[in-house]
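Open the model in your viewer and keep the selection tool at hand. We will go from the whole chain to single side chains, one stop at a time.

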Amino acid sequence: MDHRDPRLQLVHLLRGITVELDLLGAEFAARNSLHPTDLRALIHLLDFDRTGTDATPGRLGAQLGLNSSAVTAVVDRLERRGLVDRGHDPRDRRRVLLTVTEQATDLGWSFFGPLIGRLVATEEDFDERELDAVRRFLQAAQSVLVTARQEK
């Protein structure tokens, strides 16, 4: 496919958005003395919470592509900083559950909150059909990317 093909416009826009989000994430991580993997771990843990998914070290490791000892190191760092709590599942005491602390949520909102507010406000410029099309495209793109990563 020719890199000037107009059908690639959305791909190029996604790449640009990814770069900008990556730069913002790196700035947030640097300002808060976080390793980039720690930031990705926090994002996954927040996503688990948002979707009602139990956050276990194994599930986090699968999302990060890390082995159990590396996940333990990440969780240890986050726990020492007061950003993650590690506890036992009340339904199965053998299973460890991870939760993001209020301190971590507040830290994230203090940096990303204004950006999120501006992004949400841009939705006012679109009608529901347009937003639905954007949602469907982004969900499909995310699915393609997850599949591609899993196939590697």
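Of the 152 residues in the chain, 24% count as buried. The accessible surface comes to about 11,100 Å², and carbon and sulfur atoms account for 56% of it. Along its principal axes, the C-alpha trace spans about 55 × 35 × 30 Å.

Keep in mind that this is a predicted model. Colour by pLDDT next: the mean for the chain is 94, and 100% of the residues reach 70 or more. Confidence is highest in α4, at 97, and lowest in β2, at a mean of 93.

Now switch to the cartoon view. How many helices and strands does the chain have? There are 6 helices and 2 strands. Starting at the N terminus, the elements run α-α-α-α-β-β-α-α.

**Stop 1: helix α1**

Select residues 9-31. This is helix α1, with 23 residues, and the distance from its first C-alpha to its last is 33 Å, close to the 33 Å expected at 1.5 Å a residue. Which residues of α1 are buried? They are Gly 25, Phe 28 and Ala 29. Just after α1, click on Ser 33, where phi is positive, at about 50°.

**Stop 2: the nonpolar core**

Next, select Leu 34, Leu 42, Leu 45, Leu 60, Leu 78 and Leu 98. These residues have the most contacts inside the largest nonpolar core, which has 20 residues. Helices α1, α2, α3, α4 and α5 each supply at least two residues of this core, and α2 gives the most, with 5 residues.

Stay with Leu 60 for a moment and show what surrounds it. Leaving aside neighbours within four places in sequence, Leu 60 is in contact with Ala 41, His 44, Leu 45, Phe 48, Val 71, Val 75 and Leu 98. For the chain as a whole, take the contacts between residues at least 6 apart in sequence: 48% of them join residues at least 24 apart.

**Stop 3: the salt bridges**

Side chains of opposite charge can pair when their charged atoms come close. A search of the whole structure finds 14 salt bridges, and we will visit a few.

Select Arg 91 and Asp 54, whose closest N and O atoms are 2.7 Å apart in a salt bridge. The two come from distant parts of the chain, 37 residues apart: Arg 91 is in the loop between β1 (84-89) and β2 (92-100), and Asp 54 is in the loop between α2 and α3 (57-64). Is Arg 91 buried or exposed? Arg 91 counts as exposed, at 63% relative accessibility, while Asp 54 is partly exposed at 25%.

Move on to Arg 95 and Asp 89, a salt bridge with its closest N and O atoms 2.8 Å apart. Arg 95 is partly exposed, at 28%, whereas Asp 89 is buried, at 2%. Now select Asp 54, Asp 89, Arg 91 and Arg 95 together: salt bridges link them in a network.

For the last stop, pick Asp 76 and Arg 86, which form a salt bridge at 2.5 Å, N to O. Asp 76 belongs to helix α4 (residues 68-80) and Arg 86 to strand β1, so this pair ties together parts that are 10 residues apart in sequence. Asp 76 is partly exposed, with a relative accessible area of 27%, and Arg 86 is also partly exposed, at 32%.

Conventions
Residues are numbered from 1 along each chain as its sequence is written. This is a predicted model: local features need pLDDT of at least 70, side-chain atom pairs count only at pLDDT 80 or more; totals for chains, interfaces and linings use all residues. Side-chain values use heavy atoms; hydrogens and water are left out. Helices (H or I, at least four residues) and strands (E, at least two) are DSSP runs, numbered from the N terminus. The expected span of a helix is 1.5 Å times one less than its number of residues. Buried means under 20% relative accessible area, exposed over 50%, partly exposed in between (1.4 Å probe, protein chains only). A salt bridge is a side-chain nitrogen of Lys or Arg within 4 Å of a carboxyl oxygen of Asp or Glu. pLDDT is the predictor's confidence in each residue, from 0 to 100. A nonpolar core is a set of buried Ala, Val, Leu, Ile, Met, Phe, Trp, Tyr and Cys residues joined through side-chain atoms within 4.5 Å. Contact means heavy atoms within 4.5 Å. Accessible areas come from the Shrake-Rupley method with a 1.4 Å probe; for residues, only the protein chains shown count as cover.
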